[in-house]
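Biologist: Hi! Could you walk me through this one, starting wherever you like?

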Amino acid sequence: MTTEDLLGKILQVVMGLAIFAAIIGLLIFFIDKAPKRGRDYWQLAGFLTPALLFLIIGLVYPAIRTSILAFQTSGGDWTLDNFVWTFTQPVALRTLLNTIIWVLIVPTVSTAIGLAYAVFIDRSRGEKYFKVVLFMPIAISFVGAGIIWRFVYEYKSAGREQIGLLNAIVVAFGGEPVQWLQTDPLNTFLLIVVMIWIQTGFAMVLLSAAIKGVPTEQIEAAQLDGTNAWQRFWNVTVPGIRGSLVVVLTTISIATLKVFDIVRTMTAGNFNTSVIANEMYTQAFRASEVGRGSALALILFVLVLPIVIYNINILRKQREIR
């Protein structure tokens, strides 16, 4: 791009911003001069219109466009071949299987570890410091976490210095270095470990807050009845935090279904590690198969939607109880 073209683009942006500012200024002027009742409606419209425009342009239109493309060929003809490919080809089937494995393991293990950690450190002397240690990974982006763990799994051939932590330990004990991220199906589970490492802190914080909301009187009454710690946890604490458990599980499930950064950063979906979001990107932008990518996006939407609806219903019920 030449200097003249760049200056022209900048001028267009400046003019667009100036026109936008002028329109906003005129709206404010007319709103200020309008009667109070009419002014309220104008103010409401003024605040909602930009948000609605962004919603339509950034969400509604792309969703409709993606749904249409999922049922079309590259030539624009209507077809179901994109979905047939998704449910018949070995690559696509392995992608769906990997996604199911992620969704079954990550929410369950993250929530279980987070809950156990929250219970063990509850009201301990160094509770806030223990929480910080487990919560820190959630402050790291998925890409950053992927890079960190890629170094952990790094492989160098035998006889060379191992910079990967895992292989360094293996070699230190007399073993041979392993190509962790290329060994199928172990590599999928090693990627899952990264997601669990990130999400456990989220689960711990929410469940720790929920545990503190369980009435002390109930726990003391159960203790007076002669129950042990496990019985109190299972019969008093867990029912008291059931709503929070559901929210944590569903939230992590949604994040897991949409996982892209970790897989793309660490393996790019190679060696049978791809998941729906990564394969959607690969098909649409790498293989130029927009229809297949759109079909995968639609499948991902269908998988996420029931979880979102269930989560909303749980939150609504909790609000009604309060």
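**A chat about the model**

Modeller: Happy to! S288 counts as exposed, at 55% relative accessibility (buried means under 20% relative accessible area, exposed over 50%, and partly exposed in between, with a 1.4 Å probe and protein chains only). Keep in mind that this is a predicted model, where local features need pLDDT of at least 70, side-chain atom pairs count only at pLDDT 80 or more, and totals for chains, interfaces and linings use all residues. Residues are numbered from 1 along each chain as its sequence is written, and side-chain values use heavy atoms, with hydrogens and water left out.

Biologist: Thanks! Where is S288 found?

Modeller: S288 sits in the loop between α13 and α14 (290–321). Helices here are DSSP runs (H or I, at least four residues), as are strands (E, at least two), and they are numbered from the N terminus. The phi of S288 is positive, near 60°, in a residue other than glycine.

Biologist: And what is the phi of N272?

Modeller: N272 has a positive phi of about 60° although it is not a glycine. N272 is in the loop between α12 and α13 (276–286), and counts as partly exposed at 39% relative accessibility.

Biologist: Which residues is N272 in contact with, leaving aside its neighbours within four places in sequence?

Modeller: Those are R94, N98, D184 and T188, where contact means heavy atoms within 4.5 Å.

Biologist: What kind of peptide bond joins D184 and P185?

Modeller: A cis one, with omega about 5°. P185 belongs to the loop between α7 (165–172) and α8.

Biologist: Let's move to α8. At what angle do α8 and α11 pack?

Modeller: Helix α8 (residues 186–212) and helix α11 (residues 242–257) pack at about 160°, and their axes are 10 Å apart. Axes are lines fitted to C-alpha atoms, for helices over the stretch in contact, and angles run from 0 to 180 degrees between N-to-C directions. The two helices are therefore roughly antiparallel (under 35 degrees counts as roughly parallel, over 145 as roughly antiparallel, 65 to 115 as roughly perpendicular and the rest as oblique).

Biologist: Which residues meet there?

Modeller: From α8, M195, Q199, F202, A203, L206, L207 and A210 meet S244, L245, V248, T251, I252, A255 and T256 in α11.

Biologist: New topic: how many aromatic pairs does the structure hold?

Modeller: Seven. Rings of Phe, Tyr and Trp (its six-membered ring) pair if their centres lie within 6.5 Å; planes under 30 degrees apart count as stacked, over 60 as edge-to-face and the rest as tilted. In one of the pairs, the rings of F71 and F83 have centres 5.0 Å apart and planes at 40°, so this pair is tilted.

Biologist: Where do F71 and F83 lie in the chain?

Modeller: F71 is in the loop between α2 (36–70) and α3 (81–86), while F83 is in helix α3, 12 residues apart. F71 is partly exposed at 29%, whereas F83 counts as buried at 16% relative accessibility.

Biologist: What about W149 and W197?

Modeller: Their ring centres are 5.6 Å apart and the planes are at 70°, so the W149 and W197 pair is edge-to-face. W149 lies in helix α6 (residues 142–152) and W197 in helix α8, so the pair ties together parts 48 residues apart in sequence. Ring pairs also link W149, Y153 and W197 into a cluster.
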